[in-house]
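Keep the structure open while reading.

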Amino acid sequence: MSKRVFHHPDVPADETTVAWRSPGQLDDSPEFREWLEREFPRGAAEMADGEDAETSRRSFLKLMGASSALAGFGMAACRRPESYIVPYTKAPEWVIPGKATYYASSMPRAAGAVPLVVTNFEGRPTKLAPNKLHPDADGTDAFTQASVLDLYSPSRSRKPMAGGKPASRADLDAMIAELAKDPGAKVGFLFGGDVSPTRTRLRGELAAKFSGAKFYQYEALAGDGGRAYGDGAKPVADFSKAERILSFDCDFGSSDPVGKASEFFAKRKPEGNGYKAKPDAESMNRLYMVESAFSLTGGMADHRLRVAPAELLKLAGQIARELGVPEAAGMPAVADDKQLSWIEPLVADLKAHRGKSLIVAGSRQPAAVHHLVLAMNLVLGNLGKGHPFNVVQTGNAGLGGLQELIADIHSGAVETLVMMTPANPVYDAPADLDFPAALAKLKNSIHLGTRTDVTAHAASWHIPAAHYLEGWSDARTAAGTYTVVQPMILPLYPDCVSELELLLALLSDDGKLINGEGAEGAASPAYDAVRKTFAGIGGEGDKAWKSLLRDGYLAGSAYTPIDARPSVDARKDIPEAVKAMEAAGDSLQVVFAADASVYDGRYIDNAWLQEAPDPISKVTWDNAALIAPKTAKNLGIYDEILKLEPVTKALGFIPVEGKYAAVGPDGEGKNRTAPVIELKVNGKTLQFPVIVSFGQAENTIVIPLGYGQGFNEEDDFGRKPQNESHVGLVGVNRGFNAYPLRTTASQLFAGGASVKLVAGKRYPIALTQEHSAMYGRALAREISTIDSHDHKGGFEKQLHDVAKQGPVDSHAPKNISLYKSEDRNGQPLLSDKLHQWGMSIDLTSCMGCNACLVACQAENNIPVVGKQQVAMGREMHWIRMDRYYAQQKDNNFDADNPALIPQPVGCVQCESAPCETVCPVNATVHTPDGLNAMAYNRCIGTRYCANNCPYKARRFNFFDYNKRNPLIKHNLYRGPLGKKDEGGADHLQKNPNVTVRMRGVMEKCTYCVQRLKDAVIRQKQGQKQEALAAGKPSTEMDVTTSTLRIPVDSVKVACQEACPAEAISFGNLLDKEKSSLGRAKKLERNYDLLNYIGTLPRTSYLARVKNPNPKMPDAKFIGKATINIV
Amino acid sequence: MANIFPRWSNLLPLKIVVCAGTVAGGIALAFSYYATPKTLAVGYQPSQPIPFSHKIHVDQLGLDCRYCHSFVEVSGHSNVPTGNTCWNCHQHVQQDSPKLEPLHISMNPNHPSYDGEPIEWVRIHKLPDYVYFNHSAHVSRGISCQSCHGDVDQMEVVYQAENLSMGWCLECHRSPEDNLRPLEEVFNFAYDAEDWLTENPMEGVDTTEELGLKLKEQFKVTPKESCATCHH
């Protein structure tokens, strides 16, 4: 009997949308078919290679031998092992064993501090969540969520180093004391881009103490755009006031914030946050995006124009001129008709929204673009207090840049350098500045950092830095609100020093370095310093201080906008930039981009970030050059990218192509490799693997930065073991370093590049874009607010039709499952009358940023599996961030600029769940409150459930990922003989309320059941307190639904909490319209994923709404990206 | 051709099967009896660093459970008292008792071998790591300490009174009325349902069974039997 194949309904004949996840799917390759049809690709359940199989067989025999030999002694161990309960001797205040404590703190970042609430269990910080009390609270992004892992990172720097060799603390103390006692020292301080009021105050004291003190600031990816606003000034956008937004390469929703982005996302929803209003297209904002490669914000844009980086300035000039900006008068005009037809209605739309529109530019854009942006906002009346665009003065004025620093070193004005920037200047400074040479010229250089990176080795001294959760500090958010950085724990390793502690040691008379704790348990000197700063800003006394510690911020302390006008520099910068642009001409251009996993390289040792697939390219553990398909074809490398490769070897050495391959070629698998190109730019040549990237401008190559920091093995690229000590196991052998290509003039863009395919070389890449691909009709749905010629009606009509897009949507067959929804007595199985959990995910505001994915990993103890395992499709993330591209067949405006739709998919908790019916041991069963529960201890690992899951939401522990370090080669295959994590502290991060799963166990999203249980139990405790308060005997007490049901919207699941876009609503379905979830479920644009198969999922999706401008030339192709995978 | 096997060997296969079956059956029976929590866990009574007597403290002195296990009503864990809880009294009472030596080492800075390290109590009631039992959920809904821990007030040395197996948990989750008490009586080890009923007569409640059912109805106690209740 052949396998019964489920027939999905037909795609309507008039469907004009083509949708795809990967180039392989566009070509309908057999490998993609395999991903679709199978739970895991062929071979995922087998040993990696003969070598692994051999080790495993041997280990097995060894173990068997050993265990029989020991059997005689075995009986002696048949006694219950003794375990101990170790209470505190002196109970710390507030700590209740088994309960979390929450403190307000924040993560200092160059773009502005992220206000946080930190969850602690018995003094261990385990989870970060945004501080929603804070006026500037957005959500958190993946970097913030993952930063808690850095605290426990096994490769964290723990001991001081001198000249790259371990040094003693006593020597370090002596060196600091000597420096502190020399007021004539010519000492330079290099800070990061974050703003700390206490540091700013101490800067003044340092300048007073050291007559030769100089201060600098360096962030690898800062760009020079900030110059346009003045020294230490920066733009801040107020999205709540912006109805029309034009962004020049500014990923303000994710990696490049310019203000509170949650206001932007709120205005994306036609019903507003909380879905309280009626859907109203007028209330939505409209986003125009001009960029070179897809950014997450670009993916949300209503109209997106892709241009090469050099062209962007020309476009900005054209728009500025049409808006009447005098500075743009002499700029070259745009000649392209299509671009002109795009600009004309845009300018009209902006003019029609004077004072209510907003124009922003990416921080990596040159000053010329920022000058124009400032001028455009001025002309449009958007500038000023109470308007969408403001310029504010931060405390970081009067700081030199890296160029000034190097000049001062060479002139002898700086002899000692204290480096505190989180960047890694020896690695990431522009190549032509030759920072290492300048560093070598210094008498003394001190590096404070959390990693033993190349700068730590090159400096004369390295001091291990405390994590931000380990020391007192303060910071300002993007909008300037004073925010405290509160430590949760003393430094995990006793030699770790915070930035303020080092500055305070240098300021003290005796130069004594006090870190962590003062003498006899006194607070660190940084505490007093922060209190002193705060006293000057927020007032003296304990009351104000305590409320700062409780709330995490000082109300009303945001920056006041300054009166900004385009500066005189504009007249110099713009013509210069135009000249540079014309020089680049039509040449191949390179964009040096921040990486979504490692940023500028600082997070290279963070395993969660490395394993989180890049939101756009879906690359894990590496970087790769990205290139548009057409450009790749023109350069003759497209076929190479998609080419079949020898994937299996007969007799061990004869390459055989074909069906016996463990996993296919372009279909990502363990043999997935990318061709390698040789990129020549700025007179240097480097090699990079290359993959296709859709929606990218032609003639542009994007290279994410930050990789290639250390290697411990030989590879095909001539990279010998080198710099191994600079990185940990996570960061070793990762990707390719592109920093040597950058020069001062071309820090973020470079023209005049050339590319050559390197014949015969390929690089293995773990790409997840095809993993867990689902079949289905109308998986993600998109509608438009306008009625263009072939839209099926206006906004109202389209809203109405959302739930009827597939032919069977409107009349889904009745549930004919053998498993009824009632028990034998006719009682409903979903019997809980207090709580029925449900979720809704709004595709309108979801941009696919991975914050939820990493938050889920932190909350639910999800293991990291390593590059090789990811390549085989074994990643464990409970939330899979699907990313679809969709294009209209008849798109004649720009056929290579598809729509990008992200769709997070976790377990949707089907009421009629296919997984439950096939489990032979009832390890996955339904709870009365509607969860599809997983009993890990009962699971025997048949994987039938995963096979039967139409959403592919289940993950299987092929190995003991939690116990055996998957990053050591072949380690997983050694079974019980494999190395465990040694020396690390990852286990301290684990959530004590979630079981750590072992090998052979299936797992999946359970709606954070531990949080739900906690909330429900907390509510039940209230019953007793109520009785006590009423003074009545408990037997006369009235217990009602409202006593036992948790308050509306009072429990948040980890993904929902982290989401910066409030795209996820979660709650109790029985609260109906009182809850945000209930209102979302009532909306017309609410639909169930794979509705027609009758699984009755509890997680539903809200269709994406696009708000195009009907006058734009591409308007009729917008808002139709409904995804069918056939 | 001569017989290779003698005649008696004809029944040998049968004998082997019977013997092997008996042995296997025996092992299975023995395992299912001796290797279950009922046998392995009940009565577990390790000696503690300090021979703390619950009988003296609870029964004779009348301390409430929550004086030491102070967070049992708010936390999933019922905490074992911290050193300073003991020290509150014992810096004044029974100072010279040699039994309290470990407490002095832990808490008394004047003691010659004072080290400030906590006392390591031997754990008696231990559930597997994948079980999340919540004390507060039970004691604030009318389940007494006594129901699971036995007559601790009478124990000189604490031992495990019940087997704490999943079947045992489910027994009560299926019929909680057998163990429900008025909330005021949860920590009362001398509680007797009949006496309580005599003192607090309730309309329509005559027997202790009816009291349990009445409390279940009134508190709206609906214990869950689904996996996720304890396993997550």
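This is a predicted model: local features need pLDDT of at least 70, side-chain atom pairs count only at pLDDT 80 or more; totals for chains, interfaces and linings use all residues.

The crossing of helix 11 of chain A past helix 19 of chain A is left-handed.

Look at the residues that meet. Helix 11 of chain A brings Ala367(A), Ala368(A) and His371(A). Helix 19 of chain A brings Ala570(A), Asp573(A), Ile574(A) and Ala577(A). Sorted by class, this contact of helix 11 with helix 19 of chain A has 5 nonpolar, 1 polar and 1 charged residues.

## Helix 6 against helix 17

Another helix pair is formed by helix 6 (residues 197-209) and helix 17 (residues 525-538), both of chain A. Their axes come within 9 Å and cross at roughly 95 degrees. An angle from 65 to 115 degrees counts as roughly perpendicular, so helix 6 of chain A and helix 17 of chain A are roughly perpendicular to each other.

From helix 6 of chain A, Pro197(A), Thr198(A), Arg201(A) and Leu202(A) take part. They meet Ala529(A), Val530(A), Thr533(A) and Ile537(A) in helix 17 of chain A. By class, the contact of helix 6 with helix 17 of chain A has 5 nonpolar, 2 polar and 1 charged residues.

## A covered strand

Strand 33 (residues 837-842) of chain A is mostly covered, with 6 of its 6 residues buried. Trp837(A), Met839(A) and Ile841(A) point one way from strand 33 of chain A. Gly838(A), Ser840(A) and Asp842(A) point the other way. In a regular strand, side chains alternate between the two faces of the sheet.

Which strands pair with strand 33 of chain A? One is strand 40 (residues 1064-1068) of chain A, which runs antiparallel to strand 33 of chain A and is joined to it by 5 bridges. Here Ile841(A) has Ile1064(A) as its bridge partner. Another is strand 42 (residues 1099-1102) of chain A, paired in the parallel sense over 4 bridges. Leu1102(A) in strand 42 of chain A stands opposite Asp842(A).

## A three-stranded sheet

In chain A, 3 strands form an open sheet in the order 3-4-5, with antiparallel pairing. Strand 3 (100-107) and strand 5 (124-130) of chain A are the edge strands, and each pairs on one side only. On average, neighbouring strands of this sheet are turned by 30 degrees against each other, direction ignored.

Strand 3 of chain A pairs with strand 4 (residues 114-121) of chain A over 8 bridges, in the antiparallel sense. Ala100(A) stands opposite Phe121(A) in strand 4 of chain A. Helix 4 (residues 142-151) of chain A packs on the sheet and touches strand 3, strand 4 and strand 5 of chain A. The direction of helix 4 of chain A makes about 165 degrees with that of strand 5 of chain A.

## Where chain A meets chain B

How many residues of chain A are in contact with chain B? The contact involves 41 residues of chain A and 45 residues of chain B. Strand 2 (84-85) and helix 28 (1009-1030) of chain A each supply at least two residues of the chain A side. Helix 28 of chain A gives the largest share, 9 residues. By class, the side of chain A that touches chain B has 21 nonpolar, 13 polar and 7 charged residues.

Strand pairing also links the chains. Strand 2 of chain A and strand 1 (residues 121-122) of chain B pair over 2 bridges, in the antiparallel sense. Tyr84(A) stands opposite Val122(B) in strand 1 of chain B.

Terms used:
Residues are numbered from 1 along each chain as its sequence is written. Chains are lettered from A and ligands numbered from 1 in the order in which they are written. A crossing is left-handed if the near helix is turned anticlockwise from the far one by less than a right angle, and right-handed if clockwise. Two residues are in contact if their C-beta atoms, placed from the backbone, lie within 7 Å. Ala, Val, Leu, Ile, Met, Phe, Trp, Tyr, Cys and Pro count as nonpolar, Asp, Glu, Lys and Arg as charged, and the others, Gly among them, as polar. A residue is buried if 20 or more other C-beta atoms lie within 10 Å of its own, exposed if 12 or fewer, and partly exposed in between; C-beta atoms are placed from the backbone. Two strands pair if DSSP finds at least two bridges between them. Axes are lines fitted to C-alpha atoms, for helices over the stretch in contact, and angles run from 0 to 180 degrees between N-to-C directions. Angles under 35 degrees count as roughly parallel, over 145 as roughly antiparallel, 65 to 115 as roughly perpendicular and the rest as oblique.
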